[in-house]
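This briefing goes through a structure chain by chain and contact by contact. Please keep the sequence and the 3D view open while reading.

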Amino acid sequence: MDWEFFIELGLGGLTRGSIYALIAIGYTMVYGIIELINFAHGEIYMLGAFTGLIVAGVMGIYGFPAFAILLMAIVIAILYCAAYGYTMEKVAYKPLRGAARLSPLISAIGMSLFLQNYIILAQTSDFLPFPTLIPDFEFMEPIAHIFGSTDLVIVVASAVSMVALTLFIKFTKLGKAMRATAQNRKMAMLLGINADKIISTTFIIGSSLAALGGVLISTHSGQLNFMIGFIAGVKAFTAAVLGGIGSIPGAMLGGLFLGLTESYAAGYISSDYEDVFAFSLLVIFLIFRPSGILGKAPVEKV
Amino acid sequence: MTFSGLVKSIITGLAVTAMCVPAFAADTIKMGVAGAHSGDLASYGLPTVNAAKVVVEKINAAGGINGKQVELLIQDDQCKPEQATNVATKLVSDGANVVLGHICSGATKAALPIYTEGKLIAMSPSATNPMLTQSGDYPTFFRTIASDDMQARLGVDFAIEKLGAKKIAVLHDKGDYGKGYAEFARKFIEEGGKAEVVMFEGVTPGAPDYSAVVQKIRRFKADTVIYGGYHPEASKIVSQMRKKRIKANFVSDDGVKDDTFIKVAGKNAEGVYASGPIDVSNLPMYKEAIAAHVKMFGSEPGAFYPAAYAAAVAMLTAIERADSTDYDAVTAKLRSEFVDTPVGKIKFNEKGDAEGVGFSMYQVQNGKYVELK
Amino acid sequence: MQGLKQSIITSLWFMFLTFPIMVARVNTIENTVEWRWMNLAYVGVGVFFLSYVWRWALARKEAKQYEAPSTETAKKQSWLSRAMEEPAVARPALAALFALSVAMPMLVTTYQTNIFISFLLYVVLGLGLNIIVGVAGLLFLGHAAFYAIGAYSYALLNHYFGIGFWIALPLGGLFACLGGIMLAFPVLRLRGDYLAIVTLGFGEIIRLVLENWGSLTGGPSGISNIDRPGLFGMELSVADANIYIYYIVLALAIITMIAVQRLKNSRIGRALQALREDEIACQAMGIDRVNVKLMAFGLGTAWAGFAGVIFAAKTTFINPASFTFMESAIILSIVVLGGMGSNLGVILGSAFLVLMPEYLRAFSEYRMIIFAAAMVLMMVFRPQGLIAPKGRKYHVDDPDLIKEGEA
């Protein structure tokens, strides 16, 4: 057994998994509260990457240092994605509350297409280069060939934001209200929780994390176009289901699990069937453990 | 209004629209331009539209072809086969005399049976799939670009003889073009017996990173990577290879020989080899074509522009020489007489491939592709 | 006054929202930024007026919701459904429509016929999916996979064994049907959204296998030179073959429509509808859940298989790129836009989704965004779809029973 290769693949999977996890949280939170597969969530991630690119481009002209640019790009991308997430909910989902189940799903697919074409028209359909904003740290040089500085930043940033989110959900008043709404929206409303506000907050948090992921992965892969959201979105959604949709720690675990599986499958078998592995894993999981790794099996009430 | 009335009025409306397009107007020569003009592959298709506009404007300004003005019928197929058949039928029914296109091999394959049936010459500046000409199924097809197997042959010979490659990793983007190129490359390497293929794999376009594949390149100690596909994935692979301190040579195809590749990959692009059409930038006609584009659109032309310009010129010249738009007459002229184009003096062989066009190898040096002699 | 304030706030908000994407365009290589301030003004003015329309439409929708229960049920139905219920209107209308469809290819160009073939193919696909989604209420996002199975069945059989269209047509349907049942077996336990995701995954797996199994399917290059359907051994020109295919697909669409309509009112159909409403109550009534669900999947996917065979015969070239998730999403949108469970709805839905983008070619840059916006707006303002589905009505003539009911 070639241990170095094994570890390399593991670290590669970790980076990829962290990104999936960041996006998956948005899916899982929205699903937990309004039981909607928000297809347009991947597009929010893509918008985050584009906003980051624009900020980086403008600041780059004025010669700011790379690290300041990275911070500003992340902050502004988060701000804008939160705003987009909030608006999207108000326009495309809120008027549909109480409609048949499939209607919000179609609305979400429409929204996803809309945002993709919005970027094509307002920006471009070509691939754009994204500047490298994370410098090569010197202390990483000895292992740079298997785990670079960018990978480190991505893993650390996602870990930190996930811990912060977990604490927020567990201990703050708003977090508790969110959990209550997810469990039983009517009951929560009776207890004086403003459900509309909670739903908006959910979209804002989910979108912010997607924006963070969008900026980080773009500086890692060095390019972006309008389609990156769709592919990442489908994968992240798979991750959310693997972990147990509705569960936030589940989304993190699911993301890592998916990232590692893809990495090892590509490394030891072939990357030709990379996506087939991901989807087969999903199908197998759903058949044998439909509630995911951490999700609770729903009790059927009669 | 009843339901049927509604439908009827819609359909009548459509029918009227359809009939408004004159079925045949003998006083103009109609050239169809088909390819991806929207969607993610638009950057490959739009330069061809520009080329057609430049050529036609020049010809029309000079009085047209034997007194007839040339008219363009521009149709978007988004490089999708099902759209391509719609576009092809539309061009046939709109009375196009020749077609410049299509851009992607898949869409071209879908459209060609319709042109074959309608006896309509289609000339592509970019569809490089070998089967299009070598199968003999499509007698009306011509192209002003060499086919993939020629490129793969060049890439493999270059890697083994010039770069001394012994262990080659062959990668592709799972697409029609990229996988075709990679399969030819593998075949040529194995037939030659001077080097071995240590890995043969496809990467998924749009995946967040290719680290697993890149780690494998290291693991198999490949000294050269031959990649078939387009530039977005190529720049991602090269960047990740360099980030992971892998120094293997990177040899690729015409899809990567695009200035966008250098822009996106930045300093990581340095030293990358890619094959592309022979450098013709010293030909006066090439310079003239570029200048005309800059004058008309205010920018440098994009991919396949010279080849598209050449195709437009070749077809229209053949019509002029034949003094007719008759299929047999025009085809005979295309096959028998040389024509001056921005890509050189060309004529076409029986299968439809251009004689006189070929590939040479380029390398990125100081942020520019430089032809290696 | 209130409205003015709201509109100003909305328009300011959208100006803020679209500011970076609409106004700035950076070029990170040459380090330049292009500022397009005019776009900001367009957004501001546009949103200002649209917000009035938006509020008016929302208010109208809400008003309707409140008044609806009090009025007669007959009034709720659209004029279209009412017209179709009246035999005196419906029969001549249908006859005229039929005559028109038959005469169609003579009236229009080959290109138009081609578009109408696409349209009818989507009608068949939509009707098939309607059995699964609309009638049985199972969320299904992998319809394109079965379309692909049908198309590849014909393409491969034709390529390797030279089997003709008419033999492949039932075989394609059969393979897709078997595929549907095979998928249904393991996923029977799942419900709702989980089912949606498994079917999405399954659809992608089929496409990826087609793409990577190069030695059999030709991989991404696809299969070309598929035979067009033969007419008693005659060789047809492209234009004639097109017309011929048009009639085949028209016939298939009509058969599908009749079959689905009959199915809905049959024993199985009623069982499916009951299953959609309440699974547990259904089991308690003695309906075999497994059988009925398998039936729904098998019936629904079989039509996709037929449509696939015709698609392959029409384009004569297929590759996996035609069967992506987007395709499934569009078919699902047809069903939902049209109104789930309604056949007429599926026809209108396909007309909207297939014909509109085709005739919007003139605005090719904007057509996708218009299409996307229409999808969202449709769902917001008319979530039940163009034609609201309705159950079958039974008339009670026995005066005693009526009295009993009123009591």
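In this predicted model, the domain assignment of chain C gives domain 1 as residues 2-68 and domain 2 as residues 97-381. The C-alpha centres of domain 1 of chain C and domain 2 of chain C lie 37 Å apart.

**Contact between chain C and chain A**

- The contact between these chains takes 43 residues from chain C and 48 residues from chain A.
- On the side of chain C that touches chain A, at least two residues each come from helix H1 (2-23), strand S1 (24-27), helix H8 (165-187), helix H9 (192-212), helix H15 (325-338) and helix H17 (364-381) of chain C.
- H9(C) gives the most to this side of chain C, with 11 residues.
- Sorted by class, the side of chain C that touches chain A has 33 nonpolar residues, together with five polar and five charged ones.

**Helix H8 of chain A**

- Helix H8 of chain A covers residues 195-221, and its 27 residues, at 1.5 Å a residue, should span 39 Å; the end C-alpha atoms are 39 Å apart, which agrees.
- Of the 27 residues in H8(A), 22 are buried, so that the helix is mostly covered.
- Just after H8(A) comes Gly222(A), which takes a positive phi of about 80°.

**Contact between chain B and chain A**

- Here the contact takes 28 residues from chain B and 32 residues from chain A.
- Two or more residues each are given to the side of chain B that touches chain A by helix H2 (42-61), strand S7 (196-202), helix H8 (211-219), helix H9 (231-243) and helix H10 (259-265) of chain B.
- The largest share of this side, six residues, comes from H8(B).
- The residues of the side of chain B that touches chain A divide into eight nonpolar, 10 polar and 10 charged.

**Domains of chain B**

- The domain assignment of chain B gives a domain 1 made of residues 25-145 + 282-355 and a domain 2 made of residues 149-253.
- The C-alpha centres of domain 1 of chain B and domain 2 of chain B lie 32 Å apart, and five residues of domain 1 of chain B are in contact with four residues of domain 2 of chain B.
- On the domain 1 side of this contact in chain B, one residue is nonpolar, four are polar and none is charged.

**Strands of chain B**

- Seven strands of chain B form an open sheet with mixed pairing, in the order S7-S6-S8-S9-S10-S14-S15.
- At the edges of this sheet stand S7 and strand S15 (368-371) of chain B, each with a single partner strand, so one side of each is left without a neighbour in the sheet.
- From one strand of the sheet to the next, the twist averages 30°.
- Strand S6 (residues 167-172) of chain B runs parallel to S7(B) and is joined to it by six bridges; Ala169(B) has Met199(B) in S7(B) as its bridge partner.
- Strand S3 (residues 98-100) of chain B and S4(B) also run parallel, joined by three bridges, and Leu100(B) stands opposite Met123(B) in S4(B).
- Along strand S4 (residues 121-124) of chain B, Ile121(B) and Met123(B) point one way while Ala122(B) and Ser124(B) point the other way, and all are buried.

Conventions: Residues are numbered from 1 along each chain as its sequence is written. Chains are lettered from A and ligands numbered from 1 in the order in which they are written. This is a predicted model: local features need pLDDT of at least 70, side-chain atom pairs count only at pLDDT 80 or more; totals for chains, interfaces and linings use all residues. Two residues are in contact if their C-beta atoms, placed from the backbone, lie within 7 Å. Helices (H or I, at least four residues) and strands (E, at least two) are DSSP runs, numbered from the N terminus. Ala, Val, Leu, Ile, Met, Phe, Trp, Tyr, Cys and Pro count as nonpolar, Asp, Glu, Lys and Arg as charged, and the others, Gly among them, as polar. Two strands pair if DSSP finds at least two bridges between them. Axes are lines fitted to C-alpha atoms, for helices over the stretch in contact, and angles run from 0 to 180 degrees between N-to-C directions. Domain bounds come from an automatic or database domain assignment. The expected span of a helix is 1.5 Å times one less than its number of residues. A residue is buried if 20 or more other C-beta atoms lie within 10 Å of its own, exposed if 12 or fewer, and partly exposed in between; C-beta atoms are placed from the backbone.
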